[in-house]
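This briefing covers aromatic contacts, a surface pocket and backbone geometry. Please read it alongside the sequence and the coordinates shown below.

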Amino acid sequence: MQAHPRNLAHFAWWRVVRWLRTLHRWRWKDVRRRFTTPDGRWKPIEANGIELFNLESVPVTRYRYRGNTIPNPWTLLNQRHAAAAVESPVR
């Protein structure tokens, strides 16, 4: 089951609020006062011009199977060693 971006945003929002409450020793009343407008709407959480990222704005792209086109570091490493092979000094 895949998580919905709204669930992730909800989780992240609560974690940040809990962190701010601990950091500043705020009560819930202080959080509401800081992050709501006078008409009661919630404002985005921001500090020093940095706003909590909206996860729903990120498009979901699935992995496309590339098969043998994915470079394999082990074959590249073996090719380098084979090219640099020197004859054995033992006769």
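A residue counts as buried when its relative accessible area is under 20%, as exposed when that area is over 50%, and as partly exposed in between. Because its relative accessible area is 26%, W28 falls in the partly exposed class. The model is predicted, and the points below are grouped by topic.

**Aromatic pairs**

- A pair of aromatic rings is described by the distance of the centres and the angle of the planes.
- Five aromatic pairs are present in the structure.
- One of these joins W13 and W14 in an edge-to-face arrangement, with 5.0 Å centre to centre and 85° between the planes.
- W14 has a relative accessible area of 40%, so this residue is partly exposed.
- Another pair, W28 with W42, is tilted, with a centre-to-centre distance of 5.8 Å and 45° between the planes.
- W28 belongs to helix α2 (residues 28-35), whereas W42 sits in the loop between α2 and β1 (46-47); the pair therefore ties together parts that are 14 residues apart in sequence.
- W42 is partly exposed as well, because its relative accessible area is 42%.
- W13, W14, W28 and W42 are linked by ring pairs into a cluster.

**Largest pocket**

- Classified by residue type, the lining of the largest pocket comprises eight nonpolar, two polar and three charged residues.

**Positive phi values**

- Most residues other than glycine have a negative phi.
- R25 has a phi near 55°, a positive value in a residue other than glycine.
- R25 is located in the loop between α1 and α2.
- With a relative accessibility of 76%, over the 50% limit, R25 counts as exposed.
- N48, also a residue other than glycine, has a positive phi near 55°.
- The position of N48 is in the loop between β1 and β2 (50-51).
- N48 has a relative accessibility of 81%, so this residue counts as exposed.

Conventions:
Residues are numbered from 1 along each chain as its sequence is written. This is a predicted model: local features need pLDDT of at least 70, side-chain atom pairs count only at pLDDT 80 or more; totals for chains, interfaces and linings use all residues. Side-chain values use heavy atoms; hydrogens and water are left out. Rings of Phe, Tyr and Trp (its six-membered ring) pair if their centres lie within 6.5 Å; planes under 30 degrees apart count as stacked, over 60 as edge-to-face and the rest as tilted. Buried means under 20% relative accessible area, exposed over 50%, partly exposed in between (1.4 Å probe, protein chains only). Helices (H or I, at least four residues) and strands (E, at least two) are DSSP runs, numbered from the N terminus. Ala, Val, Leu, Ile, Met, Phe, Trp, Tyr, Cys and Pro count as nonpolar, Asp, Glu, Lys and Arg as charged, and the others, Gly among them, as polar.
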